Amino acid sequence: MSVHAPALADAHLPDKQTSAFARDAARDLSQHPKRLSPKYFYDATGSELFEAITRLPEYYPTRTELRILRDRGGEIAKLIPKGAALVEFGAGATTKARLLLKNSAFGAYVPVDISGEFIKAQADALRRDFPQLAVYPVTGDFTAPFTLPSVVETMPRVGFFPGSTIGNFEPDEACRFLRSARGILGEDAQMIIGADLEKDERVLYDAYNDAAGVTARFNLNVLVRMNRELGANFDLSAFTHRAIFNRERHRIEMHLISKKKQTVRMLGTSFSFRTGETIHTENSYKYSVDRFEALARGAGWTVRESWTDPAKMFSVHALMAA
Ligand code: AVJ
């Protein structure tokens, strides 16, 4: 399939990250259906809104995963060799990593994230709280191949990918990610990974259509971001948040729906919308324990252990390279 992006106006974009955002947004809004990558949700406001989502009564994943990590801390610790390096893919807040670091005798922590400033601040706080722990932050896109700091090459390595972030990947991308993580972590590596589970449609629906409207603001914020960073003129009152459960494809989909026929300008290009036309902004895949284990095995991992909470809302898996 050949997709050509409309020529961008000679805009003076301040940095590489903004140029990449401009390129992706111009390309993805020219597709049918229109779409945007969920990775662009997370500017400063978007990250704060996501933190607020994790505290919503309807949004069960974060607190359920924390509960599993807490309840199974002892079992997880038994799987982890002394002096191992914990490599967190897309480290945001370190709340979950701290649960693992507290229970097991890790020698090093390697948070990998695009937001260099943020992980450096988190690293300083961790060094204060875990004085015996060596912290080596890596600034970069964890979905692309990267090399580990050479000091951790001689330590046993444990990957950590919590939060069901893997749910943002298409199934083939999830497989490629797990394969590449194995390559990055190397021989004898392990991986602790969280995956949200498919469940009652109402519970899933409510988690992405919260009564307070925080998820709606989170979704709409990507339009605010395009207005500010790319000089677009999206009218926020002319789009509405919609999240639906797509049962055939085992995923929650988030959309921004145009309330009317309208034209939006961005970087010298016009994008026209029909009434009811959607921008598909996110997929959040939901697994069963069996389907997740099959995915991990297909990517070359052995499943050592899978845990869920008693209500089977969320799952955490311990994988071993084999
Ligand atoms: C961070 C991708 C796991 O899919 O539940 C929360 C993002 N989107 N509410 C998720 C999200 C809407 C979240 N992940």
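Which residues are exposed on the other side of α7? They are Arg176 and Gly183, and the rest of this report sets them in their surroundings.

Welcome to a predicted model, in which local features need pLDDT of at least 70, side-chain atom pairs count only at pLDDT 80 or more, and totals for chains, interfaces and linings use all residues. Residues are numbered from 1 along each chain as its sequence is written, and side-chain values use heavy atoms, leaving out hydrogens and water.

**The whole protein**

The protein has 10 helices and 14 strands; helices (H or I, at least four residues) and strands (E, at least two) are DSSP runs, numbered from the N terminus. Its radius of gyration is 20 Å, close to the 20 Å from the globule rule for 322 residues, so the protein is as compact as a globular protein of that length. That radius is taken over C-alpha atoms, and the rule is 2.2 Å times the number of residues to the power 0.38. Along the principal axes, the C-alpha trace spans about 60 × 45 × 40 Å.

Of the 322 residues, 51% count as buried. Buried means under 20% relative accessible area, exposed over 50%, and partly exposed in between, with a 1.4 Å probe and protein chains only. Take the contacts (heavy atoms within 4.5 Å) between residues at least 6 apart in sequence: 68% of them join residues at least 24 apart.

Helix α7 has 15 residues and reaches 21 Å from its first C-alpha to its last, close to the 21 Å expected at 1.5 Å a residue; the expected span is 1.5 Å times one less than the number of residues.

| Helix | Buried residues | Arc around the axis |
|---|---|---|
| α7 (171-185) | Ala174, Phe177, Leu178, Ala181, Ile184, Leu185 | 125° |
| α10 (289-298) | Phe292, Glu293, Leu295, Ala296 | 155° |

The arc is that of the directions from the helix axis to the C-beta atoms. In α7 the buried residues fall within 125°, so they line one face of the helix. Those of α10 cover only 155°, which puts them on the same side of α10. An α-helix has 3.6 residues a turn, so residues three or four places apart point the same way.

The buried residues of α7 pack against β2 (85-89), β6 (157-161), β7, α10 and β13. Those of α10 pack against α7, β7 (190-196), β13 (301-308) and β14 (314-321).

Lastly, look just past each helix. α7 is followed by Gly186, with a positive phi near 85°, and α10 is followed by Gly300, with a positive phi near 90°.
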